[in-house]
Structures are given as C-alpha cells and as structure tokens.
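Biologist: I would like to learn how to read ring pairs and helix packing. Please show me a case.

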Amino acid sequence: MTSSRTGALPPDPPPPAPGGPRAGARGSRAGAGGSGRSGSRGGSRAGGSGPGARGGSRAGAWAARAASRLGGGAARLFLVVVALFWLMPTVGLLLSSLRSPSDISGSGWWTVFTAPAQLTVENYSAILRDGTITGSLLSTVMITVPATLLVVVVGSLAGYAFAWMEFPGRDWWFLAVVGLLVVPVQVALVPVSRLFGEIGVFETTLGVVLFHTAFGLPFAIFLLRNFFAEIPRELLEAARLDGAGEIRLFARVVLPLGGPAIASLGIFQFLWVWNDMLVALIFADSDAPPITVALQQQVRQFGNNIDVLAPGAFVSMAVPLAVFFAFQRQFVSGVMAGAVK
C-alpha cells in the first residue's frame with residue numbers, strides 16, 4: 001500500500017524562474033517592444049538617410065544661401081545707386097569749382113570726364129587772394145568758437161544742475177527750457193534786434209555770439225540733462241562720501257563720463273553757427289561779415305558766378321570737415337550713447 005500510495009503522488013513542480021512570472025512578462029514585453037522599436041527606428045533611419053532626402057536638403061541649403069547672397073547683393077547695389085544720386089550735386093559743384101568761367105558757361109561739368117584738361121585751381125587761388133574772403137573766414141572763427149564754447153560750458157553746468165541738484169521749481173524750469181526748443185529763430189529777429197540796438201551790440205560780433213548762445217542753450221540743456229541723469233546715483237554718492245563737493249564732483253566725475261555727449265553737442269553747435277547765414281546777415285558787422293554773408297555779397301547782378309561760389313563753398317567746408325573728422329569717434333559715441341544698455 002505504501003508503494004501504491006507513493007506511486008500515486010504527482011511529481012514535484014520545477015523551480016520557478018528568477019524574478020517570478022512578472023519578470024518573465026517584463027522580459028517578453030521588452031523583447032516585443034525592443035523588436036518593434038528597433039524595427040521602427042531602423043525603418044525611419046533607412047528612409048531618412050536615402051540619397052533623395054540628402055539631395056533635397058543640400059539643394060534647399062544651397063538655394064537659401066544663393067537667395068541670401070542675391071538679396072545682399074541687390075541691397076548693396078541699391079545703396080550704391082542712392083549714394084551716387086545723393087552725391088551727384090556735390091560732385092558737380094566740386095568739378096565746376098575746378099573749371100574756368102568760360103568752360104562753365106560753355107558746357108556742363110560732366111564734360112570733364114572727356115576733357116580733363118579743363119581742370120584748374122585758378123578759382124581757388126583767386127578766392128584765397130581775395131582779402132574779403134580771408135577776412136570773412138577769420139570773422140567766422142571769431143563768432144563760431146565763442147558761441148560753441150559758451151553753449152557747451154553753460155549747457156553742461158545747467159544740465160548737471162537739472163539732473164542732480166535740488167532747487168525750488170526744478171521740474172517747471174526744465175519744462176520751460178524744453179518749451180523754448182519749439183520757438184523759431186525768425187520770431188525773435190525783430191525784438192532781439194531792437195534790444196541789441198538799445199544796448200549797443202547790434203551789428204557786432206558780440207551780438208551774433210549772444211544770439212547763437214541764447215538759441216543753442218535749450219537744446220544743449222535738454223541733451224546734457226538727459227545724458228547726465230543716466231549716471232548711476234551710487235557713483236555720485238560714493239564721491240560725496242569721499243568729501244567731493246558739487247564743483248569737484250562735476251569736474252572729476254560727471255564731465256569725464258559725459259565726454260561723448262559734450263563732444264557731440266560741440267560738433268552740432270559748431271556746424272550750426274558756421275553754416276548760419278540768416279542771423280549773420282542781420283546781426284553781424286557789415287564791414288567784417290562771416291563767410292556765408294561774404295559769399296552772398298559776391299553774387300553778380302547779371303549772369304551766374306559759379307566760378308566764385310563753388311570754390312568759396314568748398315573753402316568754407318574745409319574747417320567743419322576737419323572738425324568733424326577730428327572728433328568723429330566722440331561724435332559717434334555720443335550719438336549712440338543710451339542706445340545699448
């Protein structure tokens with residue numbers, strides 16, 4: 001009986017796999033997923049790396065580069081054409097200043113390119129030998145330099161005061177200064193002429209300097225006040241803690257930081273005063289006129305006088321161009337100040 005019972009017992013089950021049935025299921029899933037993913041990735045890679053796809057991407061990149069180059073070339077060509085049209089009157093005036101009066105009256109300035117023997121410096125020699133022209137250049141310098149220095153110095157002091165000093169009615173005074181920017185010069189010609197006549201400075205160099213200074217200060221104060229207001233307050237407070245007064249603070253801290261803006265203001269004011277004709281025609285001394293009035297007085301009653309006006313214009317342009325190129329770096333820095341934070 002014992003043997004029959006023993007023989008009737010079922011055999012022992014095999015030992016379970018490591019990790020149990022869950023591990024087996026995960027393994028099967030991983031196998032199935034891995035095969036699917038590998039198949040899909042292989043298919044996508046095989047499809048994307050074909051010669052047709054590579055050729056299409058290269059053609060698209062080449063087309064984009066060609067379009068950008070053509071666009072840049074067209075833009076450069078357009079700018080060159082605009083610059084040539086813009087400079088054509090100046091070039092024509094320059095070539096006319098190098099031609100004799102007979103050539104000027106006989107043909108156009110473009111004939112110089114076919115007959116360069118027309119070019120001569122006799123017109124410039126005649127202008128520089130003229131005592132009226134050379135004296136007018138000196139008178140222009142005597143008007144322009146003081147008017148520029150006064151505007152720069154007074155505008156810098158007033159701009160610093162409006163930016164960092166506390167006094168009663170500061171904002172209202174600044175609004176009044178800004179309001180003076182819209183006052184045209186023509187409105188003040190008659191009343192200022194009467195005022196200058198009463199105080200004895202009409203038709204004098206001092207009167208022209210005072211007029212240009214008065215009308216240049218509103219813009220100078222507005223420009224420098226806004227520039228000085230961007231200086232960090234901590235820097236000024238640190239200088240005050242070190243014992244610096246207002247004058248020393250202005251001279252040692254504010255002026256060096258405001259150099260680009262001051263240089264830009266000086267160049268603008270110099271060009272405005274040097275090229276002015278209306279104020280000089282009314283307030284300047286008729287015996288010592290500036291260059292603009294002197295050239296206007298050279299106009300003949302009959303016929304043109306390009307042989308006088310053209311070289312005189314380029315002689316008067318020499319000094320402003322020299323000033324601009326001498327302070328070009330400061331001018332660009334002042335114009336771009338505040339554009340990039």
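Modeller: Start with helix H12, residues 259-274. Phe 270 and Trp 274 both lie there, 4 residues apart, about one turn of the helix. Helices are DSSP runs (H or I, at least four residues), numbered from the N terminus. The model is predicted: local features need pLDDT of at least 70, side-chain atom pairs count only at pLDDT 80 or more, and totals for chains, interfaces and linings use all residues. Residues are numbered from 1 along each chain as its sequence is written, and side-chain values use heavy atoms, without hydrogens and water.

Biologist: Are Phe 270 and Trp 274 buried or exposed?

Modeller: Both are buried (under 20% relative accessible area, 1.4 Å probe, protein chains only).

Biologist: How is a pair of aromatic rings described?

Modeller: By the distance of the centres and the angle of the planes. Rings of Phe, Tyr and Trp (its six-membered ring) pair if their centres lie within 6.5 Å; planes under 30 degrees apart count as stacked. The count comes to 14 aromatic pairs. Among them, Phe 270 and Trp 274 are stacked, at 5.7 Å centre to centre and 15° between the planes. Elsewhere, ring pairs link Phe 196, Phe 202, Phe 211, Phe 215 and Phe 283 into a cluster.

Biologist: How are two packed helices described?

Modeller: By the angle between their axes and the distance between the axes. Helix H6 (residues 131-164) and helix H11 (residues 246-257) pack at about 110°, axes 12 Å apart. Axes are lines fitted to C-alpha atoms over the stretch in contact, and angles run from 0 to 180 degrees between N-to-C directions. H6 and H11 are therefore roughly perpendicular (65 to 115 degrees).

Methods:
Rings of Phe, Tyr and Trp (its six-membered ring) pair if their centres lie within 6.5 Å; planes under 30 degrees apart count as stacked, over 60 as edge-to-face and the rest as tilted. Helices (H or I, at least four residues) and strands (E, at least two) are DSSP runs, numbered from the N terminus. Buried means under 20% relative accessible area, exposed over 50%, partly exposed in between (1.4 Å probe, protein chains only). Angles under 35 degrees count as roughly parallel, over 145 as roughly antiparallel, 65 to 115 as roughly perpendicular and the rest as oblique.
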